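Me: I would like to go through this model and ask, for each label, what it rests on. Please set the value beside the cut-off wherever a cut-off decides the matter.

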Amino acid sequence: MKFEVKDKSILIIFIIALISLNLFYFPKIYASGDESAYLKNSYLLQQGNLVMKDPEYACGASPTDNGFVIGRFIGKSIFLIPFTWLGLMGIMLSGLVTHLINFFLIYLILRKLKYNPLNSLLYLFVPVIVWESRTLYTEILALTFLLAAFYFYVSEKNQRHWLYSGLFFGLAMSVRYDAIMGFASFFIPAIIKNKDKAARLIFGFAPIAITIFLLNKILLGSFLSTGYGQSNTALNLFLSIFTNMHIETLVISVFILAIFYPLLIISPYFVKNFPCKLELALFTLSYLLLNATFTDFLVFDLSITSMFSYRLRYLVPLIGLLIVPYANLFEELLLKITKKIRLNKQIAVICIFMLLLLGSAAIAVVHGNFLDKRFELLGQIQKNIPEKSLTIGSADDCMYFISPLFGDRKYVRVDLSTDFSPKYSSEDIYSLIDEQLKQNNLVYIMDLYYSNILGNAGSRKTGTIDKERAKIKEFIEKNKNNLTLVYETEKPHVLNIYKFSK
């Protein structure tokens with residue numbers, strides 16, 4: 001497909017526009033326990049360790065015979081290391097860097113397949129990917145390695161590229177274990193089509209996979225552990241497809257992928273000579289089934305914004321790969337439509353991408369405002385809780401207590417069994433408090449409610465978060481004679497901080 005000078009100018013203008021947009025509405029902080037876990041592991045890796053001995057620094061971890069381990073995918077934490085050297089701003093810039101790398105990979109793939117590279121802009125403005133590029137979640141980085149694997153997989157001139165493809169499939173698995181479905185989806189057809197390619201794929205993939213399995217065994221006690229509890233092995237999660245699938249999630253996901261970019265989910269089968277129809281068919285099926293197994297669309301309040309953004313985050317690797325054949329289908333449909341209505345193609349392209357850019361702007365504004373409040377909350381916590389102290393809280397609030405990023409502040413959940421069962425019970429919190437007070441360390445209690453979720457009725461909020469928040473209320477009531485209120489506010493969120501003394 002001919003790529004004209006004007007097309008290059010359009011490409012550059014929209015790239016600059018998206019970068020400027022993200023820098024202007026910069027994501028000042030992350031907003032979930034999962035994100036903080038990847039980041040905490042990144043700092044641990046820099047210390048030459050992945051195991052913590054002290055529970056006061058191990059919130060979000062799991063107890064093992066060796067100590068406390070954060071059972072998260074290690075690939076993301078390794079990737080974050082150079083960004084941590086730039087502080088919090090550098091860390092939050094990592095998503096945009098990943099997003100641009102993915103865009104460039106899609107650009108290269110489209111050129112290799114002789115599709116119009118201008119349509120790589122379709123990837124740049126996918127709402128869920130724009131949103132995730134502003135976070136520390138893993139799916140967008142898994143997509144990076146899957147795209148690199150795809151680039152080398154479709155190479156026919158250099159057989160060594162198939163070895164590289166297997167290697168990148170392995171790196172994708174190091175970021176998210178479910179990316180092994182990506183490898184399987186390409187390896188199985190390779191066995192049918194080209195056994196030499198299949199052999200090179202497995203030789204490239206095996207070293208990374210073996211390393212992951214050995215690391216799981218050493219840290220978590222099982223080759224197939226996912227890090228989410230002893231029962232959550234990769235095999236159990238796979239088998240849960242047949243026992244725990246959310247049919248409504250499967251239906252909603254297919255519907256969304258069919259309407260936002262019309263025909264996206266079936267685009268590989270409308271493109272003549274697309275080389276990976278079977279591979280993407282297997283990948284689409286496996287990812288949709290896995291997503292419907294460990295995701296429930298109805299667990300949170302639904303809105304148009306959430307349905308097209310963060311509720312689709314587990315499908316980012318699938319969406320990113322589907323953009324490749326869709327770019328060609330988009331080109332063919334655009335040519336037919338503009339010719340039929342006698343509209344200049346470049347004007348149509350600019351109008352479409354302008355609309356997508358506006359959508360990205362809306363996401364950046366809403367998400368930026370959301371994170372600004374979390375960042376303000378971080379400042380309130382740091383101002384009123386000194387370093388070296390222990391804070392007792394609930395839910396995912398330990399995301400504000402990562403050392404050394406936010407100073408040397410310790411944190412545990414009020415119910416120690418939430419994180420550390422069976423090693424600790426709920427009553428062990430008092431022994432931990434006594435130990436800190438004996439060491440002349442200050443102890444604080446943090447009671448926090450996010451204003452943006454007050455009144456929400458999603459099942460996770462009512463079934464999990466409210467129960468955890470209730471435990472800190474019970475603790476405050478039970479120990480009110482030992483507590484002194486040192487800070488309270490309702491803006492931007494409801495926050496009360498108490499000092500514990502005896």
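Me: Which residue of β3 is the bridge partner of Pro 63, and what makes β2 and β3 a pair?

Reply: In this predicted model, the partner of Pro 63 in β3 is Phe 68. Two strands count as paired if at least two bridges are found between them, and β2 and β3 (residues 67–69) have three bridges in the antiparallel sense, so the pairing meets the rule. These strands belong to an open sheet of three strands in the order β1-β3-β2.

Me: Why are β1 and β2 called edge strands?

Reply: β1 (51–52) and β2 (62–64) each pair on one side only, and they are the edge strands of the sheet.

Me: How do you know that Cys 59 and Cys 398 form a disulfide, and how many disulfides does the rule give?

Reply: The rule asks for two cysteine sulfur atoms within 2.5 Å, and the S to S distance for Cys 59 and Cys 398 is 2.5 Å, so the pair counts as a disulfide. By this rule the count comes to one. The link is left-handed, with -70 degrees about the S-S bond.

Me: Are Cys 59 and Cys 398 buried or exposed, and what about Cys 276 and Cys 351?

Reply: Buried means under 20% relative accessible area; Cys 59, at 4%, therefore counts as buried, and Cys 398, at 7%, is buried too. Cys 276 has a relative accessible area of 1% and is likewise buried. Cys 351 has 44%, which puts this residue between the 20% and 50% limits, so Cys 351 is called partly exposed.

Me: Why does Ser 36 count as buried, and which residues does Ser 36 touch?

Reply: With 6% relative accessibility, Ser 36 falls under the 20% limit and therefore counts as buried. Ser 36 is placed in helix α2 (residues 33–46) and touches Tyr 30, Met 399 and Ile 402, leaving aside residues up to four places away in sequence. Tyr 30 is also one of the residues that touch the most other members of the largest nonpolar core, a set of 118 residues. Helix α15 (residues 316–341) gives the most to this core, with twelve residues.

Me: What makes β6 mostly covered, and which strands join β6 by bridges?

Reply: Seven of the seven residues of β6 (residues 443–449) are buried. Val 443, Ile 445, Asp 447 and Tyr 449 point one way, and Tyr 444, Met 446 and Leu 448 point the other way. Strand β4 (residues 390–393) runs parallel to β6 and is joined to β6 by three bridges, whereas strand β8 (residues 494–500) runs antiparallel and is joined to β6 by seven. Val 443 is the bridge partner of Leu 390 and has Phe 500 as its bridge partner in β8.

Me: How do you know that the span of helix α8 agrees with its number of residues?

Reply: Helix α8 (residues 160–175) has 16 residues, and at 1.5 Å a residue these should span 22 Å; the end C-alpha atoms are 24 Å apart, which agrees. The buried residues of α8, including Trp 162 and Phe 169, pack against α3 (74–84), α7 (139–153), α9 (180–193) and α10 (195–220).

Me: Where in the chain is the confidence lowest, and where is it highest?

Reply: Confidence is lowest in helix α11 (residues 234–239), with a mean pLDDT of 58, and highest in α7, at 98. For the protein chain the mean pLDDT is 89, and 90% of its residues reach 70 or more.

Key. Residues are numbered from 1 along each chain as its sequence is written. This is a predicted model: local features need pLDDT of at least 70, side-chain atom pairs count only at pLDDT 80 or more; totals for chains, interfaces and linings use all residues. Side-chain values use heavy atoms; hydrogens and water are left out. Helices (H or I, at least four residues) and strands (E, at least two) are DSSP runs, numbered from the N terminus. The expected span of a helix is 1.5 Å times one less than its number of residues. Buried means under 20% relative accessible area, exposed over 50%, partly exposed in between (1.4 Å probe, protein chains only). Contact means heavy atoms within 4.5 Å. A nonpolar core is a set of buried Ala, Val, Leu, Ile, Met, Phe, Trp, Tyr and Cys residues joined through side-chain atoms within 4.5 Å. pLDDT is the predictor's confidence in each residue, from 0 to 100.
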